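Please work through the following exercises on charged side-chain pairs. Each task is followed by a solution in steps.

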Amino acid sequence: MGTAVLFVGAGFSVIITMTSNILNGIVTAAVFGVFLLAVAVKDKHGQSVLLRGATRLGWMSTKAKGTHIYRSGPLGRAEWGTAQLPGLAAASRLTEWRDSYNRPFALLQIPYTSDYTVVIATEPDGAALVDREQVDAWVAEWGMWLAGLGDEPGITAVSVTIETAPDTGTRLRREVTSRIDPDAPEFAKNLLHEIIAQYPAGSATIKAYVAITFNAAARPGGKKRTPDEMGRELAARLPGLTQSLSATGAGATRPLSAQELCEVIRVAYDPAAARLIDEANAAGEPPELYWPEVGPTAHQGNWDSYRHDSAVSVTWMMSGAPRGNIPSNVLARLLAPHPDIARKRITLLYRPIDAAKAAAIVEADVRAASFNLSASDKPTARNMTATRAAFATAQEEASGAGLVNFGMLVTATVIDADHEADATAAIDNLSATARLRLRIVHGSQDSAFAAALPLGLVLPKHLRVPAEVREQL
């Protein structure tokens with residue numbers, strides 16, 4: 001973009017000078033020069049002055065229209081008086097099917113992008129008391145699983161969500177009380193009841209979800225399939241996907257049912273409902289939740305925070321990945337529970353690249369890196385490292401490896417708004433330990449919050465400005 005502005009500006013300035021006078025030519029060149037600086041000058045996150053200004057103007061327009069405020073329910077403005085999801089997921093539809101193993105699974109449809117998402121619940125084994133060889137095998141299997149996504153027909157994106165939240169103690173209470181012997185000594189009973197009351201304090205639960213998003217068209221330009229056709233096809237493909245995912249260290253994997261997905265999204269928007277839902281499930285009377293009722297009754301998106309029902313959240317996006325050799329435990333501290341954050345959600349976003357496009361991309365990277373290396377008599381260490389990485393990537397792709405675009409969203413949720421500053425400071429410290437460069441998603445906190453949930457939202461498809469153009473800005 002900068003090079004195009006430079007050439008167009010220079011040519012236009014020459015034409016103005018020839019047809020008018022040199023003063024007008026200088027003014028024209030100055031205007032193009034200012035625009036060039038707005039595009040070329042970028043901060044440490046890669047954001048240009050023009051893009052930051054456009055974001056600010058978009059936020060001002062959003063506030064002027066009042067679309068950053070949402071009210072639902074019988075007294076709200078949502079249709080039919082329901083508490084439907086706001087924003088990008090407002091038009092989503094949820095159905096339930098059964099796969100080849102007769103397991104119920106939820107199928108989420110986004111009509112605007114013609115995408116369908118299935119969510120898989122996993123129970124990762126973790127790296128504690130695990131041999132290094134086993135961890136290396138899991139990492140290799142995970143890389144192979146990601147590489148195989150490019151060969152799976154119709155897969156648009158994959159997201160992995162790791163959520164840490166306070167333990168309500170309901171499961172522990174149910175497990176212990178069901179095993180207490182009525183004839184046991186009174187001292188033993190009192191001790192067990194004291195454990196039930198005190199043990200959950202300070203403990204946390206860790207949940208992991210993998211959302212796989214499919215497009216209605218199996219291949220570009222193909223016929224779009226109906227929800228019934230997608231349900232029948234995914235019912236046959238889901239067992240294979242869950243089985244291959246188990247080998248990556250994900251542990252026991254199973255698809256989420258429609259009721260379970262409703263509970264996950266309801267608790268995300270209203271953390272105060274977590275205890276009530278756990279107690280209802282423990283009593284054997286799970287709450288009957290419907291998809292039009294799992295959204296917040298009220299929310300307000302701010303410039304750098306998001307207020308929803310009983311909590312306040314802040315979402316960050318990754319602007320720079322770790323450099324150099326990356327160990328398998330680089331995200332360990334970021335994923336672990338933190339006392340200053342009530343609920344923390346780390347979402348890794350993957351978009352597999354078609355094998356035909358992958359070859360062209362890696363070759364273009366090799367040419368660009370080679371040009372940067374040969375453009376100077378004294379190339380920098382960063383240029384030499386980038387060249388070696390480009391050649392290594394091209395060699396791996398030629399050997400059959402897949403190419404995947406990846407990103408990350410980090411959401412910190414607090415119950416009390418006064419603790420927002422503590423949560424922000426905690427994420428800043430944790431990102432440094434993970435060697436990540438994070439920045440707050442300004443002006444789009446509500447959309448980033450929804451994208452971090454296991455809903456399979458593909459953000460580039462919801463942008464008014466194409467992603468290719470935004471990258472040049």
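The model is predicted, so local features need pLDDT of at least 70 and side-chain atom pairs count only at pLDDT 80 or more, while totals for chains, interfaces and linings use all residues. Residues are numbered from 1 along each chain as its sequence is written, and side-chain values use heavy atoms, with hydrogens and water left out.

**Exercise 1.** Determine how many salt bridges the model contains.

Solution. Apply the criterion: a side-chain nitrogen of Lys or Arg lies within 4 Å of a carboxyl oxygen of Asp or Glu. The count is then 9 salt bridges.

**Exercise 2.** Characterise the salt bridge between Glu-163 and Arg-343.

Solution. Begin with the distance, which is 3.6 Å from N to O. Glu-163 belongs to strand 5 (residues 155-166) and Arg-343 to strand 11 (residues 343-352); the two residues are 180 residues apart and link distant parts of the chain. Glu-163 is buried at 8%, and Arg-343 is buried at 10%.

**Exercise 3.** Classify the partners of the Glu-233 and Arg-225 salt bridge as buried, partly exposed or exposed.

Solution. The closest N and O atoms of Glu-233 and Arg-225 are 2.2 Å apart. Glu-233 has a relative accessible area of 24% and is partly exposed, whereas Arg-225, at 15%, is buried.

Key:
Helix = DSSP H or I, 4+ residues; strand = E, 2+ residues; numbered from the N terminus. Buried < 20%, exposed > 50% of the residue type's maximum accessible area, 1.4 Å probe, protein only.
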